[in-house]
Amino acid sequence: MGRNFSEDSVLTKQRNGVKEKNTNEDSITETNDVVEKSTTEYKMEIKWINVLVAIYLHGCAFYSIFLPMKYWKTVAIGWIYSIISGFGTTVAAHRYFTHRTFKANKPLKILLIIFQTMAAQEPILHWARDHRVHHKFTDTDADPYNSRRGFFFSHMGWLLVKKHPEVIRQGKKIDMSDLRDDPMLKFQKRWYAILGFLGNIGVPILLGLWCGEDFKTLWYGNIYRYLIVLHCVWCVNSVAHIWGTKPYDKDISPTDSRFVGFVAIGEGWHNYHHVFPWDYKTAELPGYRWNLSTSVIDFFAWLGWATELKTVPDEIIRKRVLRTGDGSHPYSIEMQNNNNNNFDKLRDTEHFWGFGDQEMTTEDMKYVKVL
Ligand SMILES: [Zn+2]
Ligand SMILES: [Zn+2]
């Protein structure tokens with residue numbers, strides 16, 4: 001664990017060079033900032049208290065296997081709790097607070113804060129800051145869950161060591177002006193340790209006792225449930241940065257992974273998400289089969305509580321797929337399968353005959369500068 005990561009620092013500028021090359025025309029929100037090379041060598045310092053907590057939690061989870069719940073009601077409560085706290089991460093912390101992919105009225109915002117508190121991860125202000133830095137500086141020293149450091153680090157190891165100084169430096173610089181002074185988020189941050197504990201473990205234990213289950217079973221069982229949810233969420237940073245396809249951009253590490261899409265209730269389409277982070281679906285997919293979190297946002301949109309849901313026009317997706325995808329997307333396959341005589345389908349629609357070409361979308365029109 002005391003590995004020296006100065007070699008990772010050297011890769012930093014190269015990675016940003018690739019990104020700059022990729023952001024020339026689509027509305028892609030990758031960064032042009034340059035993460036400076038670390039001047040001093042970085043040695044990971046273990047946070048022993050976090051290591052002990054992690055060992056305790058995993059030990060409890062293992063022990064809970066031998067203490068099955070006696071009542072189906074407590075099992076049902078556990079499942080409901082897992083899903084709701086999952087939405088607290090995917091819909092609330094991720095899609096709403098970090099990426100601002102839709103707007104919420106006050107009741108929905110309060111509900112989302114409650115869901116996120118039930119997830120007992122980090123206060124939203126910290127969660128969103130780290131995740132914005134992750135998107136802006138993916139796979140550099142400034143990336144809190146830098147996947148270049150291997151599966152374990154990006155999965156949970158990053159929580160067991162002190163942050164790289166570059167993560168802290170960029171974390172202070174990242175734009176949090178929309179969230180920083182929010183009184184509800186400040187309140188949540190202040191009381192998160194207590195509220196998170198009560199929300200995640202306390203309430204389900206009380207509900208379980210009310211159902212007749214004994215305390216010991218509930219304590220270990222709820223820790224088991226908490227850890228399962230955490231590992232599902234962590235898979236987005238580890239599995240979906242290592243294994244899977246890259247239909248939208250083959251030059252970045254995030255991948256599309258059906259497995260992660262399933263376990264993280266819709267957050268597995270990570271190659272798409274890093275290319276188009278403002279899409280409320282975090283995926284191109286229609287339907288809810290691999291993306292349960294989208295159904296929650298659509299439900300609140302139907303109620304009128306969620307508004308201004310942002311997504312990406314098909315034409316922009318198609319252009320990006322054909323320009324930088326790895327060839328696994330149906331648009332790319334369609335291109336490959338067409339024979340050379342089918343010029344109409346084969347050519348890239350980025351080629352216009354001039355101003356006024358019918359294929360020139362209103363989106364394209366925006367880039368035209370009239371002097
Ligand atoms: Zn994200
Ligand atoms: Zn990512």
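How do α3 and α4 lie to each other, parallel or oblique?

**Entry: confidence**

I noted at the outset that this is a predicted model. I looked up the confidence of the protein chain and found an average pLDDT of 86, with 84% of the residues at 70 or above. I then checked the elements of the protein chain: helix α1 (residues 6–22) has the lowest mean pLDDT, 37. Strand β1 (residues 103–104) has the highest, 98. I also looked at residues 1–32, where pLDDT stays under 50. For that stretch I recorded 49 contacts beyond four places in sequence.

**Entry: α3 and α4**

I went to helix α3 (residues 72–98) and helix α4 (residues 106–119) and found their axes 7 Å apart, at an angle of about 120°. Angles from 65 to 115 degrees count as roughly perpendicular and those over 145 as roughly antiparallel. α3 and α4 are therefore oblique to each other, which settles my opening question. I put down their crossing as left-handed.

I listed the residues that meet. On the α3 side they include Ile84, Phe87, Val91 and Tyr96. On the α4 side they include Leu112, Ile113, Phe115 and Met118. I sorted this contact by class and got 11 nonpolar residues, 4 polar ones and no charged ones.

**Entry: α4 and α9**

Next I looked at α4 with helix α9 (residues 192–211). Their axes are 7 Å apart and the angle is about 85°. I wrote down that α4 and α9 are therefore roughly perpendicular to each other. From α4, Thr117, Met118 and Ala119 take part in the contact. They meet Tyr192, Leu195, Gly196, Gly199 and Asn200 in α9. I sorted these residues into 4 nonpolar, 4 polar and no charged.

**Entry: α9 and α10**

I followed α9 to helix α10 (residues 215–237). The two pack with axes 9 Å apart, at an angle of about 140°. That angle makes α9 oblique to α10. I noted a right-handed crossing for this pair.

I found Asn200 again, now among the α9 residues that meet α10. Others from α9 include Ile201, Pro204 and Ile205. The α10 side has Phe215, Leu218, Trp219, Asn222 and Tyr226.

Residues 191–211 are 95% helix and 0% strand, with the end C-alpha atoms 28 Å apart. Residues 223–243 are 71% helix and 0% strand, and here the end C-alpha atoms lie 28 Å apart.

Key: Residues are numbered from 1 along each chain as its sequence is written. Chains are lettered from A and ligands numbered from 1 in the order in which they are written. This is a predicted model: local features need pLDDT of at least 70, side-chain atom pairs count only at pLDDT 80 or more; totals for chains, interfaces and linings use all residues. Axes are lines fitted to C-alpha atoms, for helices over the stretch in contact, and angles run from 0 to 180 degrees between N-to-C directions. Helices (H or I, at least four residues) and strands (E, at least two) are DSSP runs, numbered from the N terminus. Angles under 35 degrees count as roughly parallel, over 145 as roughly antiparallel, 65 to 115 as roughly perpendicular and the rest as oblique. A crossing is left-handed if the near helix is turned anticlockwise from the far one by less than a right angle, and right-handed if clockwise. Two residues are in contact if their C-beta atoms, placed from the backbone, lie within 7 Å. Ala, Val, Leu, Ile, Met, Phe, Trp, Tyr, Cys and Pro count as nonpolar, Asp, Glu, Lys and Arg as charged, and the others, Gly among them, as polar. pLDDT is the predictor's confidence in each residue, from 0 to 100.
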